[in-house]
Amino acid sequence: MTSNQYDAVVIGAGHNGLIAAAYLARAGKKVCVLERREVVGGAAVTAEPFPGYRFSQFSYVVSLLRPEIIRDLELPRHGLKILPLPSTVTPMDNGDYLAAWDDHDLTRQELYRHSPRDAEASDEYGRVMARAAKAIKPILGLVPPDPSSMSPRDMLRMLKVGQYAKSLSEKELYQIAKLLTQSAADLLNDWFEFDPLKGTKSASGIIGTFLGPNSPGTAYVLLHHYMGEIDGAFRAWGFCKNGNGGVTQAIASSARALGVDIRTNASVQQVIVKGGRASGVALANGDELQAKVVISAADPKRSFLQFVEQKHLPGEFVEQIKNFRVRGSSGKVNIALSELPDFTCLPGENALHRGAISISPSMEYIERAYDEAKYGQFAKNPYIDMIIPSMIDRDMAPPGHHVMSCFVQYAPYDIEGGWDDAKRDAFGETVISTIERYAPNIRRAIVGKQVITPKDIEMIAGITGGNIFHGELLLHQLFFLRPAPQWADFRTPLPGYYFGASGAHPGGGVMGAAGKLAAQEVLKDWK
Amino acid sequence: MSSLPQFQLKHTPFHERTSNLSLPQNWRRWAGHIVVGSYDLHVEREYWAIRDAVAMIDVSPLMKYMIEGPDAARLLDKLVPRDIGKMAVGQVGYTGWCDDEGKLLDDGTISRLSDNTFRLTSAEPSLRWLSMNAVGLDVSVTEVTEKMGALSLQGPKSRTVLNKVCGKSLDKLKYFRVMENTLAGRKVTISRTGYTGDLGFEIWMDVADALAVWDALMEAGRDYGIVPCGILAMDMARVEAGLFMIDVDYTAANHAWIEGQKSSPLEMGLDWAVHLDKPAYFVGRRALEREQAAGSAWKLMGFEVDWAGMEPLFAKVGLPPQIPAMAVRGSLPVMHEGKQVGYASTSTWSPVLKTYIALVHLQRPYYEPGTKLSMEVTVEHKRLHAPGKVVKLPFYEPEWKKK
């Protein structure tokens, strides 16, 4: 019989929960991770809905996973392999295409074909964004200070951020200030003229937010995605061997090796509070686990409005969590294929199939897609980011066959009349017919398809609102405001209860920083 | 898997010839093109053609811009530290250009083809920078990189060979001047310029005429020992000539990650091309005035390794000195009494001088000619320091270069 006494209990076996648990176990603590589902991984899971065809069910690329986490938890030894995703091709409506290859000369040559001016601007834009990313990156690793606090701890942290900011040139500071406040459209119009280029670049500014390219604040999201980093070098997105479930399987394996207990089918009912402190959790099946600390790696709404009785929390904090924006805006269509999609713009099997294919002909196209979502409809002409994992990792599909992953925006969580099977089917059909315009053989190649709406993300992965970042990357929900003012240091108003998920600083993506930082704060407080 | 035409680096207009002649097929990348590294299995023959006969180098990847209109001179005068007003028609001027902090963005040549027509060459794409600064001026900027082929004919016999195939004699064309001419009946412009520090010419032509010009020169040069020459041999010659290279010997200010990586034209020894007495404002002027007054913290200089001082380092392990036979683009620390005071950015064996030389960046006050310093050499996996001295650039300048 397993004991139910732990030093720490972590709620949720997504990547952040597993990382937090592994770091605590590494420091010698006895840790248990509780997972509601039958599988670990959270939103980073690989599923096989059709025999032989495997999909990264929700999140599907890796770029921000912190290199120090990979090293600390020895993830390569536990099977982590991140394969390159070397290009992005945007099919155009006139039958041409725009490609960005992973080679500077080729990309420049390709863009030059469409706009010599943009070809040069793109070089400079890339350097400005990379420098800004480099400038902001160290801040991601720091616990956000509370600027209103006079406590020595916060003062010291403020000083660190301040010292860092001082090392930037005045020009860089202006650029960063602008990036933090502008819309993606304003930023890109400052630099470029070619619509498919602007459309494709702007897409990174709206992913996972309920905003359009013209909404202020989207320039920062663009930068957030720009910080793709693999092995410590600035790079683009990568694809995890075995899908994104491969990431969480590696972390889980590392955690187990460090002595962490991982329990699946273990749904948490409530955090137990004794003497004003979190002292364990009660499971839905009636079991109780005692622990010195509890760490939630669920979304902010679940963590504070569901697991904890509200009487234990300050009213203002509860209000702030209620107001935290978690509007899901995207869906996913995973397609099993008997043959590769044949794109009219680049016929036959070719390099395009090894990278991302982006349906983003212009910023206006994406803004119009947003317009429909704003008023409760899914976009009839959506932005789609496709990859064909079986072209990168042959183990993802049976020989000769393929799987295709389509990230689709916009699909509002709050669709008019609510999501049902008919609407899900219609959404899937919209995506297929959109792709069909560029790859006419797609329909006959379909062996099976899985359509995932924001409601499904909520139901399956347990993320309130189905927002892929556990809360939109809006400026008022970042840094020392994530998830709430004064509570961005992974502690919560309930002593002994910590919060380390994508809804905490520094935000979403398969990054793992929140889980690691939360564990570090727990260890600092350990008595 | 079909290979896309777009998935290839660009070929120069001479590719049909160069690709058949290169024995080692050691392609190098240059501004989005592939060019021949060397034609022979050893670079010596190509190198000695530059210094003793005539070498033909495909330099087509150079970025080329036509700047035309009543304000053409004004635009250039605003961009570069050189006084464009003092350039006569038919003159070519080498110059660097800066950002507002007076740090080098790029370097190249400006040819004044007529009062209101200039051709600028650069290493990096510059269309955006030129267009941005042309706002409000009556000038047009056109990129002609892909429309023109360029051959560099370098070496003491280069003039003789050209005179055999050109409509007009090159005898009167002075150093850093340009002329219209015909070559094998094709229209060309010829400038007395190059990247080797020897007697030499660069021939600019329409891409349609490229192969005809190549063939005519090879034919005319046969009796004078003409050798097609790759960029590896040119790299050795340019170090001897004290000529630096962007992204090797300096980092373009807009590519730099940190301030310390940037260089000013004064630090790079271009004082002679920075005309602070010119009337017009130019980008970076104020910063360069300040630097001029205060003196530069760094200088690009030459460094000659003292062979006799280096020999014992190798002799100790039973070896003669081992020096790479080609130019090495890698940083080597330069020391003064055990303390690092600079670094070499390109080093090479100089076949003509029989000396191991390097382009070095030195901190004040160590950049005075004659200063004794030492440079890192690797002896059987051990990092040691070979003695040597700071010298003025260029290392090598034959009397016929400017004659």
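Strands here are DSSP runs of E with at least two residues, helices are runs of H or I with at least four, and both are numbered from the N terminus. Everything below comes from a predicted model, where local features need pLDDT of at least 70, side-chain atom pairs count only at pLDDT 80 or more, and totals for chains, interfaces and linings use all residues. As for bookkeeping, residues are numbered from 1 along each chain as its sequence is written, chains are lettered from A and ligands numbered from 1 in the order in which they are written, and side-chain values use heavy atoms, with hydrogens and water left out.

**The sheet**

That pairing belongs to strand β6 (residues 88-91) of chain A, which runs antiparallel to β7(A) and is joined to it by 4 bridges. Two strands count as paired if DSSP finds at least two bridges between them. The whole open sheet has 7 strands in the order β7-β6-β16-β17-β18-β15-β19 (chain A), with mixed pairing. At its edges sit β7 (97-100) and β19 (446-452) of chain A, each pairing on one side only. From one strand to the next, the twist averages 20 degrees.

**Helices**

Helix α8 (residues 195-206) of chain A lies across β6, β7, β16 (356-359), β17 (383-387) and β18 (402-409) of chain A, at about 120 degrees to β6(A). Axes are lines fitted to C-alpha atoms, for helices over the stretch in contact, and angles run from 0 to 180 degrees between N-to-C directions.

Elsewhere, helix α1 (residues 15-26) and helix α18 (residues 513-525), both of chain A, pack at about 35 degrees with their axes 7 Å apart. Which residues of α1(A) meet α18(A)? They are A:Asn16, A:Ile19, A:Ala20, A:Tyr23 and A:Leu24, and their partners in α18(A) include A:Ala513, A:Val522 and A:Leu523. Contact here means heavy atoms within 4.5 Å.

**Where chains A and B meet**

Across the interface, 24 residues of chain A are in contact with 24 residues of chain B. The two chains bury about 2400 Å² between them, 52% of it on carbon and sulfur atoms; this is the accessible area (1.4 Å probe) lost on putting the parts together, summed over both. On the chain A side, A:Gln109, A:Glu120 and A:Arg127 lose the most area, together 22% of what that side buries.

There are 3 salt bridges between chain A and chain B. A salt bridge is a side-chain nitrogen of Lys or Arg within 4 Å of a carboxyl oxygen of Asp or Glu.

| Residue in A | Residue in B | N to O |
|---|---|---|
| A:Asp105 | B:Arg29 | 3.0 Å |
| A:Asp103 | B:Arg29 | 2.7 Å |

A:Asp103 is in the loop between β7 and α3 (104-114) of chain A, while B:Arg29 is in strand β1 (residues 27-30) of chain B.

Most residues other than glycine have a negative phi, and most peptide bonds are trans. A cis bond joins A:Gln409 and A:Tyr410, with omega about 15 degrees. Another joins A:Arg482 and A:Pro483, with omega about 0 degrees. In chain B, B:Asp247 has a positive phi, near 65 degrees.
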